[in-house]
Amino acid sequence: MTIKKSSHILLFGIIIISSCYNEIYTDNVIAINDLSGIPYEPEPYIVNIPAIFPELEVPADNPMTKEGVQLGRRLFYDPILSADNSMSCSTCHEPDKNFTDGFSTSFGIDGIAGTRSSMSLENIGLFYNGLFWDGRAQTLEEQALEPITNPVELNNTWENVIEKLKEDDDYPQRFRKAFGIESRNEITKELAAKAIAQFERIIISNANSRYDQFNRGEIFPTDSEYNGFDMFFDISPDLPDAECAHCHGGPLFTTNEYINNGLDEAPDLNDFPDLGRGAITEYLYDNGKFRAPSLRNIALTAPYMHDGRFETLEEVIDHYNSGGHYAENVDPLINNLGLNEEEKGDLLAFLLTLTDTTYLSNPDLSNPFE
Amino acid sequence: MGLKEGEHEVSMNEIDFIDFTDINVDMAGASEGYTISKLSLPVSNYDGLTMSIGVPSDLNENLPSDFSSSHPLARSSEHWSQWNSYIFSKLEGKYDEDNEPTQLEGNYVFHIGRDEMFRTIELDDLDIALKPDSGTRITVEIDVKNLFRLSNGSYLDLETQNEIHGDESGEALSLQISNNWLTAISIQ
């Protein structure tokens, strides 16, 4: 009798746990450290990449899955990652601002401004040659680790983040579903970074801007837009060469290079207020160089440059038209362009054809907490 | 790049991207050079080396988007869509315009591309012995000064020509620099 009773109780318990793990997780169930009863059946996530874009390279140890992307999406938008639960990744990378924040330099949880402007995340999974303005991270997985502990960003510790994630009602089962962990103690910063990286890899634009449409022969650009296009890519000898495409060429409108574009005069290569790439490589001739950002949706990502010193695209064009300031390592393509007012207006008209926010309607990019 | 054994050639790699930007700014960097490592080449005694500057025409039909991002041909910085071609070589730098040592005021930018600029250098009568389980170093020297030589033996005046434009003068200089690669490369 005793044995029978025990087995009934045990069976009853299993049924409850099983049904709870199906979709709804009660506090009692989630309090259980063992997650192995939750199905681990990740489904591949297919990222739609426009044909003109390069292939998406995905690390072998972090394949794209629906569960991984959804976990990364929640982490990206969740202020749980910050020390005081006030800011998330999305605070500095707002979809409405093409995943930037609109400030010259970004503010952290303590209201302290950093030294760099928030970079757009559009198409970031397709970039190579390092991430951040100075290229200090080689992969999205590596990049995602840093803002959490940066004192002028989320100012947290990973130990604290992991504790909060372990204690959360929802995250442990999501980590289980995405990565197959068997207990909440297996949640690590590396897995969190992998999930965020998966989410970032789906931030891919549609290549359907006015530029893309006239490039495909679907529409005609205005005369002004076409003249700007001509100068941007140096097509005809009848108009000046604005030298833009050397650093902002290709379908992503970035060549992924680090350039000194003449922002600051530096008689000595140690004189730059921000050493940029040089601080990472410790190579003198990299001082004052920064990543050439993509110009897709550039109209949405003001202010401009690594320190947000230019409020408008007109100011940016004026800078390049002036030839910039001297330093030994200023790129030789930075020269006085000699563009007149009409030509500068044409160049601006072309830059505005690069706007295309249709990709933001992808529901997987939206804030899951709204 | 390839190794020759009589008429037979062993390809060392289909394509490499070589960037001297970070090393070629002083004599120490230039002497240190750029190292390309190739593994698992067939053991043999080779008597020649071939090097091509540029992208062979069959590969040059591609676009950077045809390759995954880590491939040398995925670099959009090295493709010029107006030519429908990869940029085979870039010579960029600064020069002193006013003989004042404080600043280098002048810029030069020579980008060479398109199928007709593709050149293959053949270096023969060499003795390159690849042995099992040991490395062999081949030192290739590039005399950059030769790249600036004109057909009459003089050197390019950077103050009068410091950029290649899309007109006929640009075509002539592109051909000259492409041909100069043939004499600028030697085996040390």
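This is a predicted model: local features need pLDDT of at least 70, side-chain atom pairs count only at pLDDT 80 or more; totals for chains, interfaces and linings use all residues.
How many bridges join strand 6 of chain B to strand 7 of chain B?

**Figure 1. Antiparallel pairing of strand 6 and strand 7 in chain B.** Strand 6 of chain B covers residues 85-95 and is joined to strand 7 of chain B by 8 bridges. One of the residue pairs is formed by B:Ser89 and its bridge partner in strand 7, B:Ile112. Both strands belong to an open sheet of 3 strands, in which the order is 5-6-7 and the pairing antiparallel. The edges of this sheet are strand 5 (79-80) and strand 7 (106-113) of chain B; each has a single partner strand, so one side of each is left without a neighbour in the sheet.

**Figure 2. The hairpin of strand 1 and strand 2 in chain B.** Residues 2-5 form strand 1 of chain B and residues 8-11 form strand 2 of chain B, and 4 bridges join the two in antiparallel fashion. B:Gly2 is positioned opposite B:Ser11 of strand 2. With 2 residues between the strands, the hairpin includes B:Gly6, which adopts a positive phi near 65°.

**Figure 3. The two domains of chain A and the side of domain 1 that touches domain 2.** Domain 1 of chain A spans residues 45-205, and domain 2 of chain A spans residues 210-354. Taken over C-alpha atoms, the domain centres are separated by 28 Å. Contacts between the domains involve 24 residues of domain 1 of chain A and 24 residues of domain 2 of chain A. On the side of domain 1 that touches domain 2, the residues comprise 8 nonpolar, 11 polar and 5 charged.

**Figure 4. The loop of chain A that holds A:Asp168.** A:Asp168 is located in the loop between helix 6 (158-167) and helix 7 (171-179) of chain A. Why is A:Asp168 classed as partly exposed? Its C-beta atom has 17 others within 10 Å, whereas a buried residue would require 20 or more and an exposed one 12 or fewer. A:Asp168 and A:Asp318 are 150 residues apart in sequence, and their C-alpha atoms lie 51 Å apart in space.

Figure 5. The secondary structure of chain A consists of 14 helices and 2 strands. Along the principal axes, its C-alpha atoms fill a box of roughly 100 × 50 × 35 Å. Of the 370 residues in chain A, 44% are buried. Among contacts between residues at least 6 apart in the sequence of chain A, 66% join residues at least 24 apart.

How values were computed
Residues are numbered from 1 along each chain as its sequence is written. Chains are lettered from A and ligands numbered from 1 in the order in which they are written. Two residues are in contact if their C-beta atoms, placed from the backbone, lie within 7 Å. Domain bounds come from an automatic or database domain assignment. Ala, Val, Leu, Ile, Met, Phe, Trp, Tyr, Cys and Pro count as nonpolar, Asp, Glu, Lys and Arg as charged, and the others, Gly among them, as polar. Two strands pair if DSSP finds at least two bridges between them.
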